[in-house]
Amino acid sequence: MKPVIGVHFWERTARLCFCDSDSVNMASVDLPSDIKRLNIVANDFSIKRAFEVIDKFLKEKANIDDYSLVICTSDDTGLKEIQLLYKCALECGVEVIRTITETMAMAYYSYVEYDLNGSYIMAFASPAKLGLAQYYMDQGQVEVDDTFIAGRWNGTSIYKSEFLSPSSKRLFDVTDAELVIFSGTTDKCLEIEQTLSNYVSSSKTFYNKEIQFRMLEDQCIIEGVGYICGRLEKRSAFQGLNEVSTLTPYDLFVSVNGQMYPIGDMDSLIPLEETVEVDSYPESKKTYDEIELFEKRGKAFVKVCRMTVPKEELEYFYHKACKLTLISDENRRLTFVIKTVMGEKEVKLSLIDYMTLSEEEEVQSESISDMIKKFLPVVDDLEYACKYAKEKDNPYVQGIEKTYNKAIQILEDNEVKVINKEGIEYDYNTMSAVMHVDDEDLGDNTVKQIMQSGYIYKDKVLRPAAVVVAN
């Protein structure tokens with residue numbers, strides 16, 4: 001069997017691991033400056049460049065030409081990023097056979113090294129993100145129970161941090177975990193340990209006051225990935241171990257020709273088969289059927305993928321009671337199945353196969369996005385001129401304001417949404433917090449000031465709004 005290489009993008013490096021007999025070897029590869037990003041797997045250019053760097057290192061330094069990859073991602077990574085990862089790997093001729101979260105890698109490592117049994121909370125804290133999840137470990141199996149927090153975290157109180165769902169917050173308060181295990185950046189680990197300690201001692205609803213805390217070195221992540229690589233390689237030293245994870249940390253919805261249906265939640269385990277039954281399959285008004293998959297991240301619906309299928313392939317189902325089924329294998333590769341309730345006919349749609357039908361449209365959309373991004377500095381100059389002009393009655397200033405308003409109108413007429421409202425709730429999907437302040441007149445996580453407007457084209461964030469966040 002060809003080698004299975006583990007990868008974890010950490011700070012400005014790609015940390016690699018590969019197994020040798022019963023041990024895990026580790027290496028570190030510096031990433032070029034053009035892909036040093038907070039979240040590499042969220043951008044196709046960064047993913048492809050990272051694959052190039054890793055491939056070159058393995059061939060030149062480790063004499064490995066043919067291999068498979070296991071990618072370790074942050075806990076807030078959803079299906080959108082995972083499918084992009086697989087798509088880029090396919091285009092680069094790279095085989096990705098598994099993705100796991102950072103807290104899962106921690107749990108795997110902790111189970112092997114410390115022979116843990118029972119419920120434990122894993123917390124991985126990096127400079128801008130936090131993953132906090134509970135795992136149950138017993139008889140060679142490491143299973144995620146619940147993901148409490150995943151995403152951007154600025155060191156504020158747990159009360160003010162966003163849990164993924166109300167049920168997660170409730171479950172966190174009644175956890176029976178014996179221990180919270182931390183890893184990541186030392187200063188952030190200390191922050192989250194202090195934050196959790198304060199939460200536990202002051203909360204009226206957190207009942208397990210005896211919970212303990214322990215910190216691990218950050219290399220435990222890549223070692224945990226290495227144990228999984230060893231199992232996938234069928235090495236005897238790593239057999240008997242197994243991980244059970246969820247498909248995504250978010251609730252899932254499918255849209256069929258504009259009609260939205262819930263089809264899975266954050267507790268759905270992989271491999272997965274989730275079904276929703278509809279009384280009448282909606283007829284398309286176009287020459288094709290449009291099927292879209294969404295993740296609900298907080299209050300926002302983030303599009304995972306869009307499939308367009310020729311109308312003649314699906315018109316048999318129109319106005320019939322049908323079952324819509326989302327199937328995922330252990331590698332999170334997706335298949336969508338449409339089947340009549342009576343079972344006389346079904347159609348299976350492979351996500352990768354049907355995404356190629358809209359490739360031309362996606363390329364066109366990308367070209368428009370690039371053009372708009374090149375235009376934004378001009379809009380910024382007009383906005384700043386209007387904002388900081390002292391003589392508002394000056395005809396020249398009024399002319400600039402009219403030009404700015406006309407530019408914004410043109411953008412909005414072409415499906416560009418401007419993010420420039422103050423006093424609304426902070427949204428990490430479309431905003432970037434450049435400063436946090438206290439303000440008694442504003443609620444928690446409220447946008448106090450817009451430093452730079454943000455822009456969204458269709459479902460793509462062209463540029464997040466730079467904001468000052470209160471409380």
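A nonpolar core is a set of buried Ala, Val, Leu, Ile, Met, Phe, Trp, Tyr and Cys residues joined through side-chain atoms within 4.5 Å, where buried means under 20% relative accessible area, exposed over 50% and partly exposed in between (1.4 Å probe, protein chains only). The model is predicted: local features need pLDDT of at least 70, side-chain atom pairs count only at pLDDT 80 or more, and totals for chains, interfaces and linings use all residues. Residues are numbered from 1 along each chain as its sequence is written, and side-chain values use heavy atoms, with hydrogens and water left out.

Start by selecting Met122, Tyr135, Met137, Val142 and Val225, which have the most contacts inside the largest nonpolar core, of 38 residues. Helix H6 (residues 220–232) gives the largest share of this core, eight residues; helices (H or I, at least four residues) and strands (E, at least two) are DSSP runs, numbered from the N terminus. Another core, of 30 residues, lies apart from it and includes Leu252 and Phe317.

Next, select Tyr207, in the loop between helix H5 (186–202) and strand S10 (212–215). Tyr207 counts as exposed because its relative accessibility is 52%.

Go on to Pro271, in the loop between strand S13 (259–264) and strand S14 (272–278). Most peptide bonds are trans, and most residues other than glycine have a negative phi.

Asn257 has a positive phi, near 50°, and sits in the loop between strand S12 (251–256) and S13. Finish at Asn445, with phi near 55°, in the loop between strand S21 (431–437) and strand S22 (446–452). Asn445 counts as buried, at 17% relative accessibility.
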